[in-house]
Amino acid sequence: MKTKRNRLFVSLVALLLTVGLGSTTMTALAEAPYKTYTVDGYGSVTETQTAYLPCGTINKIGDTLLKAPTDFTILSDGTMYILDSGNKRVLITDIEGNYYGEFGKDYLVGPRGMYVTEDRICYVADRDARTVWVFNEKGELMNSYGRPDEPLYGDTLDFLPLKVVANDSGTIYVICEQNTNGIVQISPTEGGTFLGYFGTNATNANLWTIIWRSLLTDVARAKMVGNLPATPDNMAIDEKGLIYTVTRGEGEASLKRLNIAGGNMIEPDAYDEVPAAVAVGNHDNVYVLSQQGYIYEYNNDGELLFVFSGSDDGQQRMGLSIKAEAIQVAKDDKIYVLDSDKRQILIFEPTEFTNHLHNALYLFSKGLYTESKEPLLEVLRMNNLFDYANMAMGKTLYKEGNYEEALRYAKLAKDADGYSDAFWEIRNEWLKKNLATTFILLILLYVAVRVIGVLDKKKHILDPARGAVNKIRQKRLVKEIGYLFYFMRHPIDGCYGIRKEHKVSLLSSNILLAVGIVFYIINKYFVGFLQKNVREGQYDIFSDIGFILLVLFLVVGCNYLMCTINDGEGKLKHIYCSFIYSFGPYFVIQPVLFAFSHVVTFNEVFFIQFGSLCMLVWIGVLVFISIREINNYTVKETVKIIGLTVFTILIVCLLAFIIYVLWSQVFDFIQSICGEVVYKLGN
């Protein structure tokens with residue numbers, strides 16, 4: 001199945017915060033001091049019901065307080081390891097904060113990251129010691145890994161480990177500060193063997209930078225800031241051994257799921273510019289934590305399910321962060337977030353709505369489509385506008401062969417891929433049932449046309465109808481409108497007819513303009529689902545009409561002005577009429593594309609795209625010829641006039657913007673003066 005995504009830049013720093021509770025250690029559920037958002041089928045951020053509620057915090061372990069904690073790990077049995085970096089130790093506790101033990105004080109210098117396996121083997125990335133420490137389940141030092149000696153590592157690169165994970169075979173993956181080559185891979189064999197770099201980020205060189213660097217001298221090029229790939233900020237590993245990384249400032253590549261070859265397998269449809277950590281959930285879902293405390297939850301394909309929590313404004317409300325460092329997910333789906341500034345761990349509990357969604361996610365990912373319907377129905381019962389649930393229900397029904405219902409749910413979810421697949425099956429079934437009947441009807445129609453043609457030739461049975469049609473075609477207005485088809489085929493002669501022979505009038509041009517506006521509105525709001533780009537039920541007809549007229553008159557007016565200045569022979573009427581008639585291909589081709597849009601899937605959408613391209617090219621050629629012929633220009637002069645027209649349009653738009661801004665300021669000033677006068681009169 002093809003994937004079609006709307007790439008979305010999500011900025012949620014303006015999340016509204018409501019009143020919450022303080023930051024003392026708590027276990028009771030609290031009112032959420034934040035709102036929860038999701039991305040709808042149109043690619044817009046929209047509010048949804050609360051997905052997670054803050055249910056507690058861990059401020060201290062036993063009787064001791066944390067000091068600048070930077071990382072932690074939760075095992076499947078609930079045991080928690082916390083890297084208490086300020087105290088240079090690793091604390092062992094449970095999810096309630098009860099003290100079990102500690103280790104590492106004799107070795108740790110400036111630890112930044114930590115990873116603990118289910119066998120309780122603890123890896124600590126110690127930046128200041130330039131070492132990755134490995135401790136056993138008793139907290140005893142097992143091994144340590146320093147800077148690799150292999151030349152492949154880089155002769156000038158230091159070894160400053162920040163984050164670390166390990167797979168089942170013991171291979172260690174290390175993110176090092178200032179190392180832009182990628183994640184360092186170290187095998188435990190032979191005391192530590194450097195295996196190379198993994199998951200290197202791409203550089204962000206654009207075309208302009210490449211061209212500019214190629215034009216510089218070697219000396220100038222050496223002074224430029226190097227275009228180096230970004231170093232990942234954090235990572236996680238799942239049960240399959242796949243590595244997840246987050247990197248700030250990488251846009252759609254801010255979250256990656258790397259396969260064994262280092263290739264990315266996920267592209268989020270929403271992202272945060274400053275991600276701090278990533279964690280793998282229990283239902284083929286992924287969580288990304290931003291430095292400001294926002295938590296993003298994605299499904300396995302990178303589609304955003306929820307974004308919630310946020311930044312604390314200093315009121316110390318539970319569920320909000322100041323500087324988020326790490327995130328973990330327990331087996332009961334509770335989310336734990338480490339805040340280094342608050343020196344505490346925040347705990348979030350999924351709501352009933354989220355539990356149903358997770359259950360459906362898990363069942364669907366395992367191929368249990370029928371079983372996933374029940375939790376999906378519960379989700380839709382609680383929120384029938386939750387587009388992801390509608391999309392999943394549509395896919396479930398598609399797997400079951402219920403294509404009509406799958407089509408309905410896909411349309412509700414604005415899921416173009418699901419709609420295309422379901423419509424393909426429905427169309428195939430219709431063709432199987434009706435192909436023979438349709439073929440027979442076409443044969444009968446052909447025979448009927450031939451019979452009528454023979455009878456007309458012998459008996460002239462169509463003479464009355466033909467006479468009526470000819471009578472209508474002889475009317476001047478009809479002839480002027482029909483001139484559109486001649487203009488499309490013979491634009492040079494057509495322009496001569498407009499300028500010298502008065503083949504068209506303002507009335508016929510205005511009628512065509514009105515018809516074109518109607519075509520545009522119908523095509524915009526009633527086109528086939530796969531080609532529709534506006535929200536269902538949203539109509540801005542008057543704005544559309546105003547926009548079309550404004551653009552038309554702006555283009556015609558600026559073109560006439562430039563032509564007049566540059567010795568053009570065309571009058572304003574001629575330029576206006578020729579512009580309208582140059583859009584003849586739109587009147588002919590667009591209705592065909594509109595009809596075709598209702599019967600195509602993504603497999604045939606190329607024909608619509610190709611038809612639209614041909615139509616635009618045809619219109620462009622007619623406009624160019626009309627400007628040249630109406631004003632009696634050469635090709636070079638025509639290109640010049642088009643450039644001047646575009647420039648004039650930009651100047652007019654700039655002036656309009658300046659006038660608008662100045663008038664807004666004058667209006668605000670007058671309003672403030674009037675308000676002051678009314679206030680003083682009232683007193």
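Reader: In β27, which residue is the bridge partner of Tyr336?

Author: The partner is Ile347. Two strands pair if DSSP finds at least two bridges between them. Strands here are DSSP runs (E, at least two residues), and helices are runs of H or I with at least four residues, numbered from the N terminus. This is a predicted model: local features need pLDDT of at least 70, side-chain atom pairs count only at pLDDT 80 or more, and totals for chains, interfaces and linings use all residues. Residues are numbered from 1 along each chain as its sequence is written, and side-chain values use heavy atoms, with hydrogens and water left out.

Reader: How many bridges join β26 and β27?

Author: Five, in the antiparallel sense; β27 covers residues 344-350. The two strands form a hairpin with four residues between them. Arg343 in that turn has a positive phi of about 55°. On its other pairing, β26 meets β25, again antiparallel, over five bridges. There, Gln328 has Tyr336 as its bridge partner. The β25-β26 hairpin has five residues between the strands, and Asp333 in the turn has a positive phi of about 75°.

Reader: Is β26 enclosed or open, and why?

Author: Start with the term. Buried means under 20% relative accessible area, exposed over 50%, and partly exposed in between (1.4 Å probe, protein chains only). β26 (residues 335-339) has five of its five residues buried, so it is largely enclosed by the rest of the structure.

Reader: How do I read the two faces of β26?

Author: In a regular strand the side chains alternate between the two faces of the sheet. In β26, Ile335, Val337 and Asp339 are buried on one side. Tyr336 and Leu338 are buried on the other.

Reader: What about β22 (residues 286-290)?

Author: β22 is mostly covered, with five of five residues buried. Val286, Val288 and Ser290 take one side, Tyr287 and Leu289 the other. β22 runs antiparallel to β21 (residues 275-280), joined by five bridges. Leu289 is the bridge partner of Ala277. Four bridges join β22 to β23 (residues 294-298), also antiparallel. Here Val288 is partnered by Tyr296. The β22-β23 hairpin has three residues between its strands, and Gly293 in the turn has a positive phi of about 105°.

Reader: Which residues does Ser321 contact?

Author: Contact means heavy atoms within 4.5 Å. Ser321 sits in the loop between β24 (304-309) and β25 (324-329). Its relative accessible area is 1%, so Ser321 is buried. Leaving aside neighbours within four places in sequence, its contacts include Gln292, Gly293, Val337 and Asp339.

Reader: Which residues have the most contacts inside the largest nonpolar core?

Author: In soluble globular proteins, nonpolar side chains tend to be buried together. A nonpolar core is a set of buried Ala, Val, Leu, Ile, Met, Phe, Trp, Tyr and Cys residues joined through side-chain atoms within 4.5 Å. The largest has 49 residues; Ile295, Ile327, Ile335, Val337 and Phe348 have the most contacts inside it. Apart from that core lies another, of 35 residues, among them Ile548, Cys577, Ile580 and Ile641.

Reader: Which helix gives the most to the lining of the largest cavity?

Author: α5 does, with four residues. α5 (387-400), α6 (403-413) and α7 (416-459) each supply at least two.
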